[in-house]
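My notes follow in the order I looked things up.

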Amino acid sequence: MNRRDMLKTAGLAVAGATLLGAEAFASENKKQSKYRKALVIGAHPDDPEGNVGGTMLRLRQAGWEVVSVYLTRGEGGIKGKNNDEAAAIRSQEAINACKILDARPVFMTQIDGNTEINKARYAEMRELIANENPDIVFTHWPIDGHPDHRVCSILVFDAWRRLNYNFELFYFETMNGTQTQYFQPTDYVDISAVADQKHEAYYCHESQNTRKSYKGWHCHSEKFRGLEFRCDRAEAFIHMRRNGSDIFEE
């Protein structure tokens, strides 16, 4: 069985409205594929939790391994703190959030507000994903008002191509309308049962005033996507698919 067939068997929807079928969210006492691993790659601490936290929780409940990857440590994200001070605070907040999500945190080496796209950074992302060998990767939608989000998305997309499309790629949204733009979901996950736990993880990022941002943005997004998917709260994604052949140039 090849990886794509395995993913279908595991419950990944190749078409339709639900990202993960019932079997993927089965209880742990049911037989599962041993190849279930998801990476959520965000530009900053709080991006995975705020945008994919419910899906991360549902995957963990079903026995998946979930890794929360942070492109930066949020160095530029606390007014009045220098890079090292902010990085220490925000890294610990991410670690605390991952404990609630039962996810493993991984920190990359880019700097918040000064992220780069170059040959070395492409290789860094490709190596990380290759070493983790995931079945699914979630990352930012590339049409986004925040430059760090765009950089993160492009680096992941390049890794997906150069690793011969050996994982399923899904894009998530962030503050749709102000950051994410032109986002039309292909897939949804019902997070109604785990929403409170997701919010608890997101609120760990106290330095980012996440309680206020949740009320202003994430709450409305969850409810709106829930209306679209006919549930109380949902997270929405765009499933990226291979299109044609590739010619890689160094």
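I started with Asp-46, which sits in the loop between strand 1 and helix 2. (Helices are DSSP runs of H or I with at least four residues, strands are runs of E with at least two, and both are numbered from the N terminus.) The phi of Asp-46 is near 100 degrees, positive in a residue other than glycine. Most residues other than glycine have a negative phi, so I flagged this one. Asp-46 is buried, at a relative accessible area of 11%. Here buried means under 20% relative accessible area, exposed over 50%, and partly exposed in between, with a 1.4 Å probe and protein chains only.

A note on what I am looking at: this is a predicted model, where local features need pLDDT of at least 70 and side-chain atom pairs count only at pLDDT 80 or more, while totals for chains, interfaces and linings use all residues. Residues are numbered from 1 along each chain as its sequence is written, and side-chain values use heavy atoms, leaving out hydrogens and water.

I then searched for other positive phi values. Asn-209 has a phi near 55 degrees, again positive in a residue other than glycine. Asn-209 lies in the loop between helix 6 and helix 7 (210-229). Buried or partly exposed, I wondered about Asn-209? At 44% relative accessibility, Asn-209 counts as partly exposed. I also noted Asn-164, which follows helix 5 and has a positive phi near 60 degrees.

Next, the overall layout. I counted seven helices and seven strands. From the N terminus, the order reads α-β-α-β-α-β-α-β-α-β-β-α-α-β. Of the 250 residues, 53% are buried. Taking contacts (heavy atoms within 4.5 Å) between residues at least 6 apart in sequence, 78% join residues at least 24 apart.

On to helix packing. Two packed helices are described by the angle between their axes and the distance between the axes. The axes are lines fitted to C-alpha atoms, for helices over the stretch in contact, with angles from 0 to 180 degrees between N-to-C directions.

I took helix 3 (residues 83-101) with helix 6 (residues 195-202): the angle is about 165 degrees and the axes are 8 Å apart. That makes helix 3 roughly antiparallel to helix 6. The cut-offs are under 35 degrees for roughly parallel, over 145 for roughly antiparallel, 65 to 115 for roughly perpendicular, and oblique for the rest. Ala-97, Ile-100 and Leu-101 of helix 3 meet Gln-197, Glu-200 and Ala-201 of helix 6. By class, I get four nonpolar, one polar and one charged residues in this contact. (Nonpolar is Ala, Val, Leu, Ile, Met, Phe, Trp, Tyr, Cys and Pro; charged is Asp, Glu, Lys and Arg; the others, Gly among them, are polar.)

Helix 2 with helix 6 came next: their axes come within 9 Å and cross at roughly 135 degrees. That makes helix 2 oblique to helix 6. Helix 2 contributes Glu-49, Gly-50, Asn-51, Gly-53, Gly-54 and Leu-57, and helix 6 contributes Gln-197, Lys-198 and Tyr-202.

For helix 2 with helix 3, I read an angle of about 35 degrees, with the axes 10 Å apart. Glu-49, Gly-53, Met-56, Leu-57 and Arg-60 of helix 2 make the contact with Ala-94, Ala-97, Ile-100 and Leu-101 of helix 3. This contact divides into six nonpolar, one polar and two charged residues.

Then helix 5 (residues 147-162). Its 16 residues should span 22 Å at 1.5 Å a residue, and the end C-alpha atoms are 23 Å apart, which agrees. (The expected span is 1.5 Å times one less than the number of residues.) Buried residues in helix 5 include Val-151, Cys-152, Leu-155 and Trp-160. Among the elements covering the buried residues of helix 5 are helix 2 (47-61), helix 4 (119-132) and strand 5 (168-172).

Leu-39 lies in strand 1 and is buried, at 0% relative accessible area. Its contacts, leaving out residues up to four places away in sequence, include Val-67, Leu-128, Glu-132 and Phe-138. Val-106 is in strand 3 (residues 104-107) and is buried at 17%. With that exclusion again, Val-106 touches Val-67, Ser-68, Val-69, Tyr-70, Leu-128 and Glu-132.
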